[in-house]
Amino acid sequence: MKFERDEELIAFTQRLIRCRSYSGEEEGVVQILSEKFKEIGAEITIDRYGDIIACVKGDRHGPTILFDGHIDTVPVPDPSVWSHDPFGGEIADGKLYGRGTSDMKGADAAMAIAILRYVQAHGRDFPGEICFAGVVHEECFEGVASREISRIVKPDFVVIGEASEMNLKIGQRGRAEIKVETYGKSAHSSNPEKGINAVYKMVRLIERLRAVPVPEYPGLAKGNMELTDIVSVPYPGASVLPSLCSVTYDRRLLPKETPGSVLKPVLDIIGQMEAEDPEFKAKAYFTAGEERCYTGEPIADTRFFPGWKYDASEPYVQKVKQRLDEIGICPELTAYNFCTNGSHYAGEAGIRTMGFGPSREDLAHTVDEYVEVDQLVAAMHGYIGIMEALLEEDDR
Ligand SMILES: [Zn+2]
């Protein structure tokens with residue numbers, strides 16, 4: 001796979017990188033994208049969260065394709081450890097450096113330019129509708145802002161541009177965050193028999209939770225439930241028995257798992273332990289978060305983002321794979337290891353979804369994050385190929 005260097009695409013990616021857009025600060029990038037899509041007369045909507053949605057309708061009936069790219073990035077805590085300016089968009093040795101190059105402004109730029117090129121080549125002479133969504137706040141809430149987008153766009157197909165190294169992703173594990181708390185009774189630690197130590201109770205509960213079997217699903221890595229923090233109250237505890245102990249679990253989800261099915265084994269064990277020990281008291285629940293969008297709108301949700309997986313034999317997967325093979329990209333059909341906006345589109349809304357993007361998954365959130373210029377350009381051609389495949393006349 002070798003495509004000609006594309007100056008418009010490279011320059012546009014650099015513009016996006018030079019405009020810092022931490023979660024909740026995406027307004028500048030929305031402006032840049034909005035200007036770009038106006039060049040082809042796209043209909044532009046900014047929703048209440050500040051997502052930008054740009055759509056171009058063909059002159060006849062057909063499917064709606066949505067290209068989804070988040071436009072927020074994780075922060076750069078210490079720019080001095082970078083060997084290139086994280087907001088400079090510098091190119092060296094065929095790599096374009098900067099925060100968000102890999103995750104995922106490179107893909108955003110490639111999707112935008114691909115849509116421009118497709119529309120410049122076809123005018124309105126195509127079936128259906130092509131939409132791009134630049135999504136805010138993905139780094140904190142995968143799929144929450146996307147709910148608003150799918151309500152507005154009602155897509156038949158979604159292309160997630162997260163890094164796939166030019167492979168075609170047809171699934172991902174989801175993610176949930178579970179808080180478990182045990183309750184004790186304060187007492188001076190010189191007389192522990194007068195109280196109940198919440199940490200001792202938690203230690204026993206943790207052991208029992210570790211023995212819960214993890215779910216499996218064909219084509220995806222196993223589900224898991226990993227303890228990520230533990231806190232006792234009061235902290236620090238000066239000569240006092242802790243009255244509360246809380247732990248957080250990161251739970252990786254598989255398709256078909258629901259909030260109820262995920263919490264059930266945890267609650268069952270708590271129930272058993274309460275029956276065995278009258279002093280044992282505990283609770284388990286999904287955590288919730290709230291942030292503010294640049295529009296002023298709060299964005300909040302319970303942290304439960306479902307997994308999803310499509311079969312390689314699905315006609316839309318085969319059609320796209322064949323077209324990408326024809327243009328020399330030859331993707332493998334695999335699944336993402338991390339959580340994406342696909343949690344909403346495929347996991348919650350059941351919309352046919354695929355992931356395709358430049359760069360490696362493991363470059364996200366790193367120091368000296370980069371995207372290879374060759375992959376950036378190839379991804380842009382890949383997106384054009386996906387439009388050609390899904391907007392064929394015989395599609396429905
Ligand atoms: Zn991402």
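Domain bounds here come from an automatic or database domain assignment. The model is predicted: local features need pLDDT of at least 70, side-chain atom pairs count only at pLDDT 80 or more, and totals for chains, interfaces and linings use all residues. Residue numbers start from 1 along each chain as its sequence is written.

**View 1. The two domains of the protein.** Domain 1 covers 7-173 + 307-395, and domain 2 covers 175-290. Their centres, taken over C-alpha atoms, are 38 Å apart.

**View 2. Where domain 1 meets domain 2.** Ten residues of domain 1 contact twelve residues of domain 2 (contact: C-beta atoms, placed from the backbone, within 7 Å). On the domain 1 side, five of these residues are nonpolar, three polar and two charged. Ala, Val, Leu, Ile, Met, Phe, Trp, Tyr, Cys and Pro count as nonpolar, Asp, Glu, Lys and Arg as charged, and the others, Gly among them, as polar.

**View 3. The loop that holds D93.** D93 sits between β4 (91-92) and β5 (95-97). Strands are DSSP runs of E, at least two residues; helices are runs of H or I, at least four; both are numbered from the N terminus. D93 is exposed, because 8 other C-beta atoms lie within 10 Å (exposed: 12 or fewer; buried: 20 or more; partly exposed in between; C-beta atoms placed from the backbone).

**View 4. D93 and E332.** These two residues are 239 residues apart along the chain. Their C-alpha atoms are separated by 26 Å.

**View 5. The fold as a whole.** The protein has nine helices and 19 strands. Buried residues make up 46% of its 396 residues. Among contacts with a separation of 6 or more, 78% join residues 24 or more positions apart.

Technical notes
Contact = placed C-beta atoms within 7 Å.
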